[in-house]
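This report examines how two parts of one protein chain meet. Please consult the sequence and the structure below while reading.

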Amino acid sequence: MSQKFRLENGGLINRDKKLSFKFNGKIYYGYEGDTLASALIANGVHLVGRSFKYHRPRGFFGAGVDEPYAIVQLYRNNETEPNIKATEQELFEGLEAKSVNCWPSVNFDIGAINNFLKIFLPAGFYYKTFMWPKSFWYRVYEPFIRKAAGLGVASTKHDKERYEHKYEYCDLLIAGSGPSGLASAYAAAKNGARVILAEDKPRFGGSLLTSDVNIGNQSGEDWAKSIISELKEMPNVVVKNRSQVFGYYDHNMLVMSEKVSDHLPKTKKHHPKQRLWYIRAKEVLISSGSIERPLVFGNNDTPGVMLSSAAKEYLKVYGVLVGKNPLVFTNNDSGYETAIEFKKNGINPIILDSRINPQSEIIDEAINLGIKIKFSYVVVAAQGYKKVSSADIAKISDDKKQLGTIENIKCDCICVSGFWTPTIHLASQSGNKTKFKDAIDAFVPGTSKQNETTLGAANGIFTLEETLKDSFMAGQHISKKITKNDNKISFPNVVEKKSSQHDKFWCVPLPKGKNYKRFLDFQNDVAVSDIEIALKEGYRSIEHVKRYTTLGMATDQGKTSNLNGLQLVSEIENKVVPAVGHTTFRPPYTPISIGAIVGREVGKHSKPTRKSPMHSWHEKNNAVFVDAGVWLRPRYYKQGSETLFEASKREAKNVRTNVGICDVTTLGKIDIKGPDAAELLNRVYTNAWLKLPVGKARYGVMLREDGIVMDDGTTTRISENHYHMTTTTAQAANVLSHLEYYLQLVWPELNVNVVSTTEQWAGAAIAGPKSRKLLEKLFPNNDVSNEGLPFMGYMESDLFGVKARIFRISFSGELAYEVNVESNNGHFMWEKIIELGQEFQVQPYGTEALSTLRIEMGHVAGSELDGRTISYDTSLEGLISKNKDFIGKRSLNREAFTSSDRQKIVGVVPLDKKTSIPEGSHLVKDAQAPLPNKKLGHISASCWSVEHDNPFSLAILKDGKNMIGEKLFVMSPLKNKVIPVEIVSSHYVDPKGERVRS
Amino acid sequence: MLHIKCPHCGMRSQNEFSYGGDASVKRPELNKEISDEEWDNFVYNRKSLRGKHLELWQHLYGCRQWIKVERDTSTHEIFNTYKADEEIS
Ligand SMILES: [Zn+2]
């Protein structure tokens with residue numbers, strides 16, 4: 001059995017290339033150029049899923065992006081992807097897909113019991129039912145919903161595919177390659193404008209591929225082909241198929257998703273799977289066309305009921321019959337076009353037209369072809385469960401209120417046409433306030449909000465001649481404004497059949513005694529009765545009705561349901577549709593894969609990785625790295641089978657006893673120059689800076705205007721008007737912006753320049769009692785004695801031919817220096833220090849040992865300066881000058897900041913001197929107190945003190961000043977720990993600070 | 001995404017800038033005696049305007065200049081941009 005619904009010939013598919021694919025485990029065949037939907041229909045498969053709420057059988061309703069039903073789980077190249085529309089997914093060899101939203105199988109679905117219980121599942125059912133009883137939620141409702149609902153399963157594997165982002169500028173972005181898109185693109189391109197023409201389908205041409213028209217003595221399809229091939233040759237034009245412009249954002253920024261490889265069995269090497277384009281367009285032409293509107297009648301969701309335009313597209317593009325015994329139900333001439341196509345291919349359709357006695361060229365053609373037409377007739381209900389098998393039809397009275405006798409006629413599909421809805425999503429997203437156009441019973445864009453112009457069917461213009469004329473003119477006129485060229489294009493001769501007025505009728509009344517479900521929203525199972533209930537319960541705003549009933553809230557965003565929903569509300573409320581108004585259109589127009597949104601910014605690419613010039617040395621010497629902001633820093637250097645704990649202890653101990661070196665390149669560095677540099681520092685830091693001599697460094701703390709500590713660091717006076725500021729690694733960028741803010745906006749009179757030099761200097765801290773001895777070896781020509789280079793001193797020197805800066809500053813609390821050389825020489829410097837330090841047992845140390853050293857010294861860092869602490873809290877109040885004003889000073893007299901029991905930094909030691917204290921734990925007075933136990937403070941940083949050989953922590957503790965010697969408890973419910981501790985001074989080692997001055 | 005005209009560099013995408021708040025706020029002069037209320041108004045109190053708003057942006061990944069942008073907070077329309085020291089009429 002193969003493709004028994006495929007025509008002998010015709011369509012735009014490549015019949016020379018047969019493809020095999022699997023659906024729900026069964027093998028089928030289709031052709032290159034098919035979609036999964038067209039190939040399944042060719043094989044007579046119409047049952048593809050189950051509906052969301054009632055689990056009713058679902059088939060195909062459309063042939064493109066508007067499809068509400070045929071959503072499948074796709075399997076491609078050992079990956080799986082949910083939420084794929086079968087009507088959009090192009091067929092490739094070996095494609096596999098499965099139905100979603102059905103369990104255990106599409107043919108036997110347990111959830112379908114909801115269908116028989118539907119009296120219990122009316123509008124607002126989620127809000128009403130699952131609220132009570134409360135305990136049922138976790139145990140009963142949620143597991144049930146999770147099993148029964150959903151539109152597929154997201155893969156939990158890492159996505160191996162690559163997704164790209166591209167930024168582009170153009171004069172005109174044209175969304176949609178139907179007649180209006182092609183005409184406007186052509187005219188604009190001829191005027192020399194930079195044009196991007198985007199088409200979401202694989203084939204260009206839009207409605208021209210399926211309509212029976214003639215442009216310039218060519219068929220619509222051939223005309224489209226010739227225009228596209230000409231555009232493709234032009235250097236100022238980018239033509240993209242499989243590309244959906246899905247969002248219109250501020251300032252004419254549009255985003256387009258290009259499916260580069262989704263139609264292939266496997267992504268080609270070096271190709272992305274998808275590409276997201278961020279396009280800033282001077283002008284935007286929206287030629288997104290229109291979507292056919294359904295007619296509403298009983299069981300109108302049965303597989304086999306579909307849009308007449310979709311039936312025509314399957315026929316003309318794919319050479320596929322959606323049925324061999326079709327019924328066409330229409331309120332306008334479009335249904336006739338579909339019927340005529342059936343007839344031309346040897347099928348005998350029946351047309352039911354709700355209109356009384358319409359007359360037009362198209363209707364005449366249908367009559368002449370001998371097609372059976374019943375005027376004033378409607379479909380009352382579709383019959384058949386998994387597929388349409390017949391239809392109940394009836395004559396309808398002229399006022400459309402009364403149904404005549406019901407007859408049942410056999411058919412295998414019902415093609416419906418309720419006229420056309422312009423696709424106004426992009427215009428609406430741009431901020432355009434849409435207006436209702438009575439003549440077509442639909443909204444069209446109003447006055448342009450941004451630089452957007454809507455053309456053709458998207459603008460409510462449904463004749464080809466008018467569309468082409470408008471679009472040629474728009475393309476020419478708009479491009480002329482930009483390029484100043486004025487190339488006239490001769491307008492082609494257009495032949496199309498004239499159609500007659502559509503019927504405003506759209507919803508078939510229920511026959512007496514019947515309670516058919518008449519669906520509005522096919523994806524979310526919202527029926528006419530649900531809207532009626534919502535209105536009865538008092539919902540009025542269309543935005544509320546939408547959320548209560550979930551009308552239009554599915555992944556198809558109500559492309560086929562919105563307008564019918566509005567018409568229903570307006571009828572019941574006795575208001576005109578524009579008074580009801582439509583809900584907001586929000587991007588994306590159609591679902592976009594998360595991968596495309598994320599682009600390349602995944603894993604290691606999610607932020608830049610910065611490496612110091614000594615990185616390769618660290619790697620060679622078994623460094624284990626840690627992320628420090630955007631930097632990679634050695635956490636410790638592993639020797640043998642050492643653990644982090646063992647290694648960091650060894651490294652820290654070696655600093656306390658011999659000498660260690662640490663890569664401090666990552667510290668923020670800012671070069672400050674100008675006659676007012678000292679004045680700037682004096683205003684930025686809390687302590688005094690006007691009298692710092694040349695060749696000296698000073699430690700400083702800067703506040704935010706609200707009095708909270710922002711950052712700390714040392715700044716060195718290099719020469720008269722030249723300073724070198726260091727910041728913490730984390731705050732480097734913020735401090736630079738902070739200085740720029742004050743210099744540019746607040747005190748522009750200060751003559752100072754600041755620039756980041758973080759990456760220009762490589763830095764090594766040399767710390768430990770033997771550090772001076774090592775320095776003497778490194779700089780034999782300099783006097784680095786305690787007198788020659790005292791604590792907080794600075795000198796410039798030469799390190800074996802390399803320019804170096806030496807700062808005598810210490811973070812570890814030991815006698816220490818920091819040597820900076822230009823980044824290119826960093827590696828050389830590092831190796832020199834290691835080489836000459838051998839005789840002093842020099843060892844490199846990482847951030848873990850660095851932390852240990854600073855914690856037991858009581859030096860504060862980021863974990864104490866956490867954006868919640870003031871100078872007093874971190875015992876930096878001694879650096880607050882009383883004699884000058886500075887940023888944030890005025891805030892320091894706030895009541896909370898000056899209270900007598902204000903929090904302060906303390907040291908914490910466990911009573912057993914063994915149990916290590918988890919960072920982030922709370923300090924409490926009584927471990928047994930009932931919850932909530934009053935928190936007195938928190939542990940900010942913990943280490944194993946190498947000096948005392950026991951655990952030691954820093955904490956920010958309420959009334960810390962008066963708590964020294966107190967016994968408290970550390971509680972960590974997360975780690976299930978209660979530890980009795982003693983509060984000690986935060987300076988656990990060398991409290992007088994003698995070592996740094998030795 | 002906004003398109004902001006940096007008065008120094010020209011039209012640039014929003015992601016090159018960082019937002020800096022209300023540009024009409026003036027920091028009190030240093031060493032000047034002011035009331036708690038004045039200080040609180042400077043540090044904390046901001047109007048959340050709907051409509052025309054003069055705000056600060058820094059061209060962070062560009063010239064690094066702080067600029068003033070006159071923008072409608074509800075429509076995102078940008079009426080004008082100014083250099084930090086430019087007089088605004
Ligand atoms: Zn700039």
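## Buried area

In this predicted model, domain 1 of chain A and domain 3 of chain A bury about 2400 Å² between them. Carbon and sulfur atoms account for 59% of that area. The size of an interface is often given as the accessible area lost when the parts come together.

On the side of domain 1 of chain A, the residues that lose the most area to domain 3 of chain A are A:F5, A:L7 and A:F61. Together these three make up 27% of what that side buries.

## The two domains and their contacts

Domain 1 of chain A covers residues 1-158, whereas domain 3 of chain A is made of two segments, 294-418 and 498-513. In the contact between them, 33 residues of domain 1 of chain A meet 27 residues of domain 3 of chain A.

## Salt bridges and polar contacts

Two salt bridges are found across the interface of domain 1 of chain A and domain 3 of chain A. A:R56 and A:D301 form a salt bridge in which the closest N and O atoms are 2.6 Å apart.

## Composition of the domain 1 side

Which elements give two or more residues to the side of domain 1 of chain A that touches domain 3 of chain A? They are helix 1 (36-42) and strand 4 (57-58) of chain A. Helix 1 of chain A provides the largest share, four residues.

By residue type, this side of domain 1 of chain A comprises 14 nonpolar, eleven polar and eight charged residues.

Definitions and conventions: Residues are numbered from 1 along each chain as its sequence is written. Chains are lettered from A and ligands numbered from 1 in the order in which they are written. This is a predicted model: local features need pLDDT of at least 70, side-chain atom pairs count only at pLDDT 80 or more; totals for chains, interfaces and linings use all residues. Side-chain values use heavy atoms; hydrogens and water are left out. Domain bounds come from an automatic or database domain assignment. Contact means heavy atoms within 4.5 Å. Buried area is the accessible area (1.4 Å probe) that two parts lose on being put together, summed over both. A salt bridge is a side-chain nitrogen of Lys or Arg within 4 Å of a carboxyl oxygen of Asp or Glu. Ala, Val, Leu, Ile, Met, Phe, Trp, Tyr, Cys and Pro count as nonpolar, Asp, Glu, Lys and Arg as charged, and the others, Gly among them, as polar.
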